[in-house]
Structure formats: C-alpha cells, structure tokens
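Student: Could we go through this structure together? I would like to start with how a chain is divided up.
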Amino acid sequence: MDTIIFLIFAIIAVVCAINVVVQTHPISSAISLVGVMGSLAILYLLLGAEFLAAAQVIVYAGAVMVLFVFVIMLLNAGAEAKKGRSFMAQLLGVPLLIGLLGLLAWFVQRLYPVGTTVHFGGFRGGTAQDVGRALFTSYLLPFEVTSILILIAIVGAIVLARKELD
Amino acid sequence: MDSFIVISLIKVVLVFAVLMTTLAYLQWVERKVIAHIQVRPGPYRVGPHGLLQPLADVIKLITKEDLMPPYVNRPLYLAAPFLAITMALLSISVIPFGPTIEVAGYQTWMQLTDLNIGVLFVLAASSMGVYGIALAGWSSNNKYALLGGLRSSAQMISYELPLSLAIAAPLLISNTLSLRELVERQSGSILSWNVLHGPFPQIFSFIIFLIAGFAETNRVPFDLPEAENELVAGFHTEYSSMKFASFFMAEYANMITVSCMATLLFLGGWDAPWPAAYGSSLVPAVIFAFAGVVALYHGMHPARRRDRLTLPAFGIIFLIIAGIFLLPMVQSWLVPLFWFCAKTGTILFAFMWIRGTLPRFRYDQLMGFTWKFLFPVAMVNLLVTGLLVALVS
C-alpha cells in the first residue's frame, strides 16, 4: 500500500516537474509547481514527517506559490513564444543532462551504501515539538542567519520600491 | 479492520449528508436573519415560512444552462470551482463534533479522523482554497473577474498572517496540535476555556481570529472580491449553474469551518459552560421545551390562519426533541453535540448579523487594517502569551 502511494505521488511529482519546464504559459508552470510541492508533502507524510508535510503545503504550496500566481496575474504575463534553439544547445543538451543525472546517481550511491533502505513511517522526529526543539537548539545559528537573510531581502525590496516612487 | 472501514464509511456519509443539508439551510437562515434585520419577511412562498426554499434553489441551480464563455482558459476554468469546493469540504474531516459514541457495541469518536496536526491541516486546506478563487478570476478572461481574483488572493495572503498568529497563542497554552486533545485540555467549566483561561485569557486572539476569519471567507465587511457595485460579481462573474453553486457552497462551508475552529480553539468545543453536576445537561431540554410551549401558545392564538396548523406541529416537534434530550442512553453524546452546535451556531449568527449591519471596507482600508493594526496586535498578543506560559510552567 505504502509503495503504491509512493509510486503514484512520485510519478505525479516528476511529471509536474517536467511540466513546469515544458509549459509555455507562466500560470500553467506555476500550477505545475504547486503540484510538485503538494506531492512532495505527501511523500514527507509517507516517511512520517507530518509537521514538515503540513508546513510544506502551508508555506510553499499555499503562501509562496499564491504570491507567484498573484504576481503573474498582476503583470498579466502572456505565453512565451517558442524560439528556435541554437545549434550548440541541440548538440550538447542531451549529453549534458545524462552527465548530470549520472553524477547525481554516483553521489547518492557513494553517500548511501547499498545496504541502507528507506522505511515508510520510519522517521520518528517529525512532530512539532521535535522540529521546534531542533530549530532552537542544534540548528539555532542557521535559523537566525536565514532570518537575517530574509530581512536583508525585505529591506532591499523596500529600497527598490522607494526608488520607483521618487 | 473491516469494521473500521465500515464505520468510517458510515461516518463519512453521515457527516457529508448533514453538512450538505446544513449548507443549504444555512443560506435560508441567513436570508431570514438579514430580512428580519431589514424589517421584511424574507423567503415566504415555498413551504411554511419558506422552509422548502433551499430545495427550490438547488433544483433551479441544477437545471440552469451551464454557459462556457468563449476565450476562457478551459482546464483552469473547469478546475477552479472543483478546487474551491474540495478544499472547503476537506477541512471538515478533522473537526471533532463530540466525545465518543457507542452504537451497537462499537465505540467511535464523533470525528472523521483525528490527526496529530489537525490545526495545521485545516490551515493547509484553507491556504489551498485560495487557488480556486484566484484561478477562477484569472481563467474567466474577464477584467472584473481578474480584479476579483487579484483582490481575493492579496486579501487572503494578508489575513492569513494574523489568523495563524491568533491560532498559535491558544496552542501555546494547550500544548497540542490535535483538535480533539485541544478540547480535552479545556474541559471543566467556562473558566477553563481558552478564551477565559489563565495565565493569559485569549480574548484578543479570539477577536483577531474572528476578524481574520471573516476576511478569509470573503464575507461582509471584507467581501471585496465580489463587491457587486464595483466588480459585477467579482471572481464568479462568468460562472453559472452548478459551477456557480460550488463557489457558493465553498463560501458557506468555509464559514462553518471557521466557526467550528473558533469553537474548538477558544470556546471549549463540546464542553458545557458549567459542570453537569449543576444541571448543565438539562439546559437543552429546557430550551427546547420552552420553544415548544411558546409555539403551542402562539398556535392557540394564531395571527394568520395557516399558523393554526403549522405552529402546533412545530411545538410538538420541539417538545419531542426536549423529551429525547432527557433520555439517559443518548444524553452522553447528544448533550455535548448540542453544546458544540450551539456555540458554532452563535458564531454563524454573528456572521449573518454583521452582514446585515456593517458596510463594506474600502480596499486600501482593508489592507492597512491588517498590516498596520491586526498583525502587530496579534504579534504582541502571541509574545505576551508565550512569556506568561514560559513563566508559569
């Protein structure tokens, strides 16, 4: 049962991810990205990280992607025109993609030896308490640095917007 | 295992049927309440006091022509109402309505499923529901619909922040994310409900939650996405027949969800305001008996001729219900269900009351209100609550 659900949502995630690139209209790409986020949340849920799954849907599929869709709607961006690809892209695209995937597979193989398997629901540190404690103890520095990074981005956005007004 | 599946199926069918009936009749109640606020009778023609009006509306909506305007974005135009209604109905699945119930030897909770992230599940479903409205506005290829969709997504993103912060404060006190445990932590009397319970009574977050909930459900005074004097009908301008009806149902289902969440988070769920030892389990019987006696009295002195028949009939029905509430074998689950419905119904009535009395905000006022007032207040409330909880425990 778990394997079947995993396969269904893994396939949905991959198909949506390809669709993000293939679609010409920005709204369709954004909706496909929502599909990727949603199916990733289901995969987290299968592994036993229920808080992470809920946060994935609320923050990424909910808030971030709604902002994306909002901006696309506000700018009324149309479908992009298909341009003829350059000779070099046609020649090198497929070999480079295969090379990249091969490298990824090699790294995964190296990092995780053959013996390790993933168990569905095997992850036990996924409750809100565990995540909260981890954020405020062992990952406190990355957490605070990220929040300062976001603050810098907000200040930058305000500076850019004020220039427009003057 | 098999009995679990059968019980779950029965519960799903039951909750769905009750929810759909409530959705239809909520609309009748709303029209009646607003009509009486505006000193007019409201729906009156179909059935006694217009009681069959929802049925007539459903038949009308189903048999209406389903128009598909040209130049719409077909897949998204079709998916948007589906998305809106699905996400609105999804949140009901984690809402607990009462304690355990025992039917023919099987003991089960009056809840479809208890997730240990129930609160987050409801938030996630509501944040996905924005897509229904935003995409409906965009895919309709209509400038009014687009403006409605834009307004709605901006409004929902903005009001989700104070809403989440207002939810976080009572969670700090109860220390759980499961909705059923949340109610169990508040059991006792009215003083142990989160809205009045120490160390810091959550009266501010209750009010912030309600205000943000009004905005999340696009209700007056925050119904800018469908402001009819500016935008025709807003995001659902181009929709007709059942597609229009699904937006309508989604709005009412969201209203019910917000009211249920307010009841569960702040008002102690299905707990009575005072312990059963002091007679709180007799309250529903007394209320229904009183209503029955009033109806019978007015049936004796009818103002109109047809009241001679309808009012005594309703009076007898109310008296029978009062008798059922006194039966000891159903009292253990019927009385908590009554309190849950009473609290949720009071908040739903407040929704209608406000729609009947308040004018609509201007759009910049709407945005300024949440970012400059509601969000800071919710933030301060959360900080004070966190500080007091940390000091007390």
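Predicted model: local features only at pLDDT ≥ 70, side-chain atom pairs only at ≥ 80, totals over all residues.

Student: Which domains does the assignment give for chain A?
Tutor: Chain A has domain 1, made of 1-79 + 119-125, and domain 2, which covers 127-166.

Student: And how far apart are the C-alpha centres of domain 1 and domain 2 of chain A?
Tutor: Those two centres lie 22 Å apart.

Student: Let us change topic. How many residues of chain B are in contact with chain A?
Tutor: On the chain B side there are 18 residues, in contact with 17 residues of chain A. Two elements of chain B, α4 and α5 (143-174), each give two or more residues to that side. The largest share, nine residues, comes from α4(B).

Student: What classes do those chain B residues fall into?
Tutor: They divide into 14 nonpolar and four polar residues, with no charged ones.

Student: At what angle do α3 of chain A and α4 of chain B pack?
Tutor: Helix α3 (residues 50-75) of chain A meets helix α4 (residues 118-139) of chain B at about 20°, and their axes are 9 Å apart. Because angles under 35 degrees count as roughly parallel, α3(A) is roughly parallel to α4(B).

Student: Is the crossing of α3(A) and α4(B) left-handed or right-handed?
Tutor: The crossing is left-handed. Among the residues making the contact are A:Ala54, A:Val66 and A:Met73 of α3(A), together with B:Phe121, B:Ser127 and B:Trp138 of α4(B).

Student: How many nonpolar, polar and charged residues does this contact have?
Tutor: The contact of α3(A) with α4(B) has 16 nonpolar residues, two polar and no charged.

How values were computed
Residues numbered from 1 in each chain as written. Chains lettered and ligands numbered in written order. Axes fitted to C-alpha atoms, helices over the stretch in contact; angles between N-to-C directions. Helix = DSSP H or I, 4+ residues; strand = E, 2+ residues; numbered from the N terminus. Parallel < 35°, antiparallel > 145°, perpendicular 65-115°, else oblique. Left-handed = near helix turned anticlockwise from the far one by under 90°. Contact = placed C-beta atoms within 7 Å. Nonpolar A, V, L, I, M, F, W, Y, C, P; charged D, E, K, R; others polar. Domains from an automatic or database assignment.
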